[in-house]
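Have the structure open as you read.

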Amino acid sequence: MSTLRRVARSVLLTLGLPVAILTVWWVASAGSTSFYSPPLAEIVGTSRETWFSAPLAESRLAVDVVPSVLRLLAGYAVALVVGVALGVAVGSSRALRAFLEPVLEFFRAIPPPVLVPVLMLFFGIGDTMKIVVIAIGCVWPVLLNTVEGVRGLDPVLRDTARAYRLGRVATLRHLVLRGASPQIVTGARQALSIGIILMVISEMFAAKDGLGFSIVQFQRSFAIPEMWSGVLLLGVVGVLLSLVFRAVTDAVLRWYLGYRQSQHGGA
Amino acid sequence: MTSPADVAPDHDVVDHPGGASLEVRHLRKVYAGRGEPVEAVADLTFEVRPGELVCVVGPSGAGKTTLLRCLAGLLPATSGELALGGSPITGPPPGMAVVLQEYGRSLFPWMSVAQNVELPLKEKGVAKARRAELVAETLAAVGLADVARSYPWQLSGGMQQRVAIARAVAYEPQVLLMDEPFAAVDAQTRFELEDLVRTLWKRLGITVVFVTHDIDEAIYLGERVLVLSARPTVVLEDVEVGLGADRDQLETRGDAEFARLRTHVYELVQQAKQGVRSLADAHLTHPADAPPPPGA
């Protein structure tokens with residue numbers, strides 16, 4: 001009974017505001033005659049045929065949305081691997097940190113979108129360019145947070161690992177990566193939102209398919225309800241990705257919540 | 001949870017290889033920090049026989065932790081020789097386990113109690129079945145069998161320190177180093193843990209070096225007490241503790257010999273605080289070899 005009530009309460013809390021916003025939008029735009037802000041009813045109505053037309057394999061969902069998301073995931077994965085690997089190395093070595101810091105600061109200061117024209121020269125306008133843009137943008141928060149996480153490892157735990165003669169691999173696996181995982185997850189979360197932005201931007205310059213590409217195309221051909229539906233779909237994709245992210249990280253960091261509480265609770 | 005004192009004495013924890021000797025010869029440690037180099041340990045020479053339980057006391061800041069970290073191979077000595085069972089200590093040696101003061105920080109918070117105990121065994125190459133056996137037996141020996149699946153931070157301070165002790169014992173070391181392990185637990189838990197250390201030490205026959213700032217604890221636990229001077233550290237006196245093998249929190253602490261040793265070591269530590277660096281310079285009102293006062 002009470003579990004049911006709790007679930008109902010959390011669903012209400014989570015969905016309350018989105019539903020309210022959509023309702024207001026729906027009602028306020030119902031009689032709209034403006035060409036650029038059509039009624040929400042019309043936007044939603046057009047979504048189905050725009051994105052999910054039959055057969056599904058030839059719909060825009062399969063032709064545009066899926067490739068976009070795959071490029072995002074590829075670039076994001078590259079950023080995670082490179083960011084964590086480099087972050088562990090930089091975080092573990094003061095010399096390496098001093099050596100790399102100026103260069104890292106320089107590259108970090110360059111907004112990734114301006115790299116699109118440059119990278120187009122090297123990689124063309126295909127998938128590789130877009131994946132590289134996404135990876136370059138996503139790598140910084142992962143890298144910098146990993147460095148902080150590794151630097152923040154408790155020296156007592158490091159001593160313990162050494163005293164019990166844990167090897168390099170075991171130390172990396174059981175101490176460094178686990179110990180830095182809260183910061184790595186923070187970086188990965190920031191990187192995900194950057195990745196979604198870059199997924200769209202990389203398609204706006206030059207592309208032959210993609211969600212961002214479609215939205216720009218609709219806008220240029222004055223298919224305004226379709227353009228709006230693309231923006232909404234983009235939001236939905238973002239929400240879904242962050243839900244998946246949450247599920248994964250909650251499992252990884254299950255210990256962390258209780259640990260923090262026990263530290264702050266003043267045992 | 002069972003109290004560790006209740007653990008059946010015939011409960012066979014580990015097939016033990018026994019203890020190894022520890023030799024420290026002219027150990028010197030200078031910290032070359034950013035400012036003036038600090039000489040923490042000037043010249044320490046002593047030996048711990050196989051299977052002996054030796055306590056180290058001294059005024060705070062006497063370089064006790066420095067000594068222990070050097071022994072553990074975690075800190076390189078500036079000069080001098082350290083050897084475990086005859087072989088020089090250059091890094092953390094095999095056959096040595098360490099229990100640190102900061103129990104809350106020496107256990108991996110992302111692992112369960114059992115996983116914490118098991119990890120060093122895995123690394124050591126102990127077979128899986130034997131690992132499970134060791135983990136179960138040592139956790140039972142410290143009275144924590146029922147919290148094996150909990151996370152360390154779900155336990156009280158005293159229980160966390162017991163996990164650290166279980167981890168050290170499961171490792172089947174020849175030498176166990178303990179750095180003020182009970183400094184941060186409450187007084188009652190402390191008595192229990194002291195008895196636990198004595199019980200495990202007797203059962204396993206390992207060599208134990210126990211660093212503490214608590215004089216009573218040092219005398220209660222040790223077969224010998226090394227009294228250190230203030231920094232830069234030398235050994236002020238190597239005090240034999242003739243309190244027998246069986247010790248009891250009430251009887252031993254009420255013993256006249258205990259009181260005499262306590263007075264003596266207390267005076268030494270006070271003198272050490274004032275900068276006395278050798279027994280000859282110490283002004284003791286209660287000489288070490290004096291018979292216990294009549295009627296005590």
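Start where the chains meet: 18 residues of chain A are in contact with 19 residues of chain B. Keep in mind that this is a predicted model. On the chain A side, the elements giving two or more residues each are helix 7 (155–163), helix 8 (168–205) and helix 11 (254–264). Helix 7 of chain A gives the most, with 6 residues. Here's how the chain A side divides by residue type:

| Type, chain A side touching chain B | Residues |
|---|---|
| nonpolar | 8 residues |
| polar | 5 residues |

Now for the serine. A:Ser181 sits in helix 8 of chain A. Is A:Ser181 buried or exposed? A:Ser181 counts as buried because it has 20 other C-beta atoms within 10 Å, and the cut-off for buried is 20 or more. Setting aside residues up to four places away in sequence, A:Ser181 touches A:Val252 and A:Leu253. Its C-alpha atom is also 7.3 Å from that of A:Gly149, 32 residues apart along the chain.

Over to chain B and its helix 6 (residues 187–204). Several of its residues are buried, among them B:Leu193, B:Glu194, B:Arg198 and B:Trp201. What covers the buried residues of helix 6 includes strand 3 (53–57), helix 4 (128–141), helix 5 (157–170), strand 8 (207–211) and helix 7 (215–221) of chain B. After helix 6 of chain B comes B:Gly205, with a positive phi near 70°.

Note on methods: Residues are numbered from 1 along each chain as its sequence is written. Chains are lettered from A and ligands numbered from 1 in the order in which they are written. This is a predicted model: local features need pLDDT of at least 70, side-chain atom pairs count only at pLDDT 80 or more; totals for chains, interfaces and linings use all residues. Two residues are in contact if their C-beta atoms, placed from the backbone, lie within 7 Å. Helices (H or I, at least four residues) and strands (E, at least two) are DSSP runs, numbered from the N terminus. Ala, Val, Leu, Ile, Met, Phe, Trp, Tyr, Cys and Pro count as nonpolar, Asp, Glu, Lys and Arg as charged, and the others, Gly among them, as polar. A residue is buried if 20 or more other C-beta atoms lie within 10 Å of its own, exposed if 12 or fewer, and partly exposed in between; C-beta atoms are placed from the backbone.
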